[in-house]
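Here is a short briefing on one protein chain. Please keep the sequence and the model in view while you read.

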Amino acid sequence: MLVVSMLSACTATPPRQAAPVPVGDMLAAIHAAGRSEESVLSIMPLRPASLTLLLQQARSQTIRGNARAAAEALGRAHAVAPDDPEVLQLQAENAIRLHEFARAETLARQSWSAGSKVGALCARNWQTVYQLRRLAGDASGMAAAERAQAECHKPGIKRM
């Protein structure tokens, strides 16, 4: 009896695996937030052709599901334009794909700081922070990100 109880103690149940991170759902919510603000005037700086090419390469790699290659292209884009808010946000979204969540939040906040603070990019910035705070179980951080995202919306001009 003693041997049986000792053997049963040795067969511990394996630790439960954490549920997979819903990266696809997170990114869908981030992109939806941006689409909801597309009607706001957005001012985009002129970009060098090399930057445009690198962003196209990053998007192409993302579509192929190659987040590592996208990260390389975005890293080169960042070297060309280190303060470009769109590059920073794309890096944040790609960091989510790579499960680099702390880095993703830092990049989204940097993008917001460098950006216009209104419109689609602003909404994507704060939805990124919201999703990452949700993942961390930070209710007050979620609420703060939600309030900040609401500030991204500016009503359009009423025309007669």
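A disulfide is counted where a pair of cysteine sulfur atoms lies within 2.5 Å. The model discussed here is predicted. By that rule, the count comes to one disulfide. The protein has eight helices and zero strands.

**Disulfide**

- Which residues does the disulfide join? Cys122 is linked to Cys152, with an S to S distance of 1.9 Å.
- The torsion about the S-S bond of Cys122 and Cys152 is about -65°, so this disulfide is left-handed.
- Cys122 sits in helix H7 (residues 119-136), and Cys152 sits in the segment after helix H8 (139-150). The pair therefore ties together parts that are 30 residues apart in sequence.
- Are Cys122 and Cys152 buried or exposed? Both are buried.
- A disulfide is a covalent bond between the sulfur atoms of two cysteines.

**Overall make-up**

- Along the sequence, the pattern reads α-α-α-α-α-α-α-α.
- The protein has 160 residues, of which 36% count as buried.
- Take the contacts between residues at least 6 apart in sequence. Of these, 62% join residues at least 24 apart.

**Confidence**

- The average pLDDT of the protein is 87, and 80% of the residues score at least 70.
- Residues 2-9 have a pLDDT below 50. Beyond near neighbours in sequence, this stretch has zero contacts in the model.
- Residues 11-18 also stay under 50 in pLDDT. For them the model has zero contacts beyond four places in sequence.
- Where pLDDT is low, the predicted coordinates should not be read in detail.

**H2 against H7**

- Helix H2 (residues 23-35) packs with H7 at an angle of about 150°. Their axes are 7 Å apart.
- An angle over 145 degrees counts as roughly antiparallel. H2 and H7 are therefore roughly antiparallel to each other.
- The crossing of H2 and H7 is right-handed.
- On the H2 side, the contact is made by Met26, Ala29, Ile30, His31, Ala33 and Gly34. On the H7 side, the residues are Ala120, Ala123, Arg124, Gln127, Thr128, Gln131, Leu132, Arg134 and Leu135.

**H5 against H7**

- How do H5 and H7 lie: parallel or antiparallel? Their axes come within 11 Å and cross at roughly 30°. That makes H5 roughly parallel to H7.
- H5 and H7 make a left-handed crossing.
- H5 contributes Pro85, Glu86, Gln89, Leu90, Ala92, Glu93 and Ile96. These meet Leu121, Arg124, Asn125, Thr128 and Leu132 in H7.
- Arg124, Thr128 and Leu132 of H7 are listed in the contact with H5.

- Asn94 lies in helix H5 (residues 85-97).
- Asn94 has 2% relative accessibility, so it counts as buried.
- What does Asn94 touch, not counting residues up to four places away in sequence? Its contacts are Thr62, Ala67, Ala70, Ala71 and Leu74.
- Val87 is also found in helix H5. Val87 has 0% relative accessibility and therefore counts as buried.
- Leaving aside neighbours within four places in sequence, Val87 is in contact with Leu51, Leu55, Leu74, Ala77 and His78.
- Val87 and Leu55 are 32 residues apart along the chain. Their C-alpha atoms are separated by 7.8 Å.
- Leu74 is among the contacts of Asn94, and Leu74 is also among those of Val87.

**Loop residues with positive phi**

- His99 lies in the loop between H5 and helix H6 (101-114).
- His99 is not a glycine, yet its phi is positive, at about 60°.
- Is His99 buried or partly exposed? At 43% relative accessibility, His99 counts as partly exposed.
- Lys117 lies in the loop between H6 and H7.
- Lys117 has a phi near 70°, a positive value in a residue other than glycine.
- Lys117 has a relative accessible area of 31%, so it counts as partly exposed.

Terms used
Residues numbered from 1 in each chain as written. Predicted model: local features only at pLDDT ≥ 70, side-chain atom pairs only at ≥ 80, totals over all residues. Heavy atoms only, no water. Helix = DSSP H or I, 4+ residues; strand = E, 2+ residues; numbered from the N terminus. Buried < 20%, exposed > 50% of the residue type's maximum accessible area, 1.4 Å probe, protein only. pLDDT = per-residue confidence, 0-100. Contact = heavy atoms within 4.5 Å. Axes fitted to C-alpha atoms, helices over the stretch in contact; angles between N-to-C directions. Parallel < 35°, antiparallel > 145°, perpendicular 65-115°, else oblique. Left-handed = near helix turned anticlockwise from the far one by under 90°.
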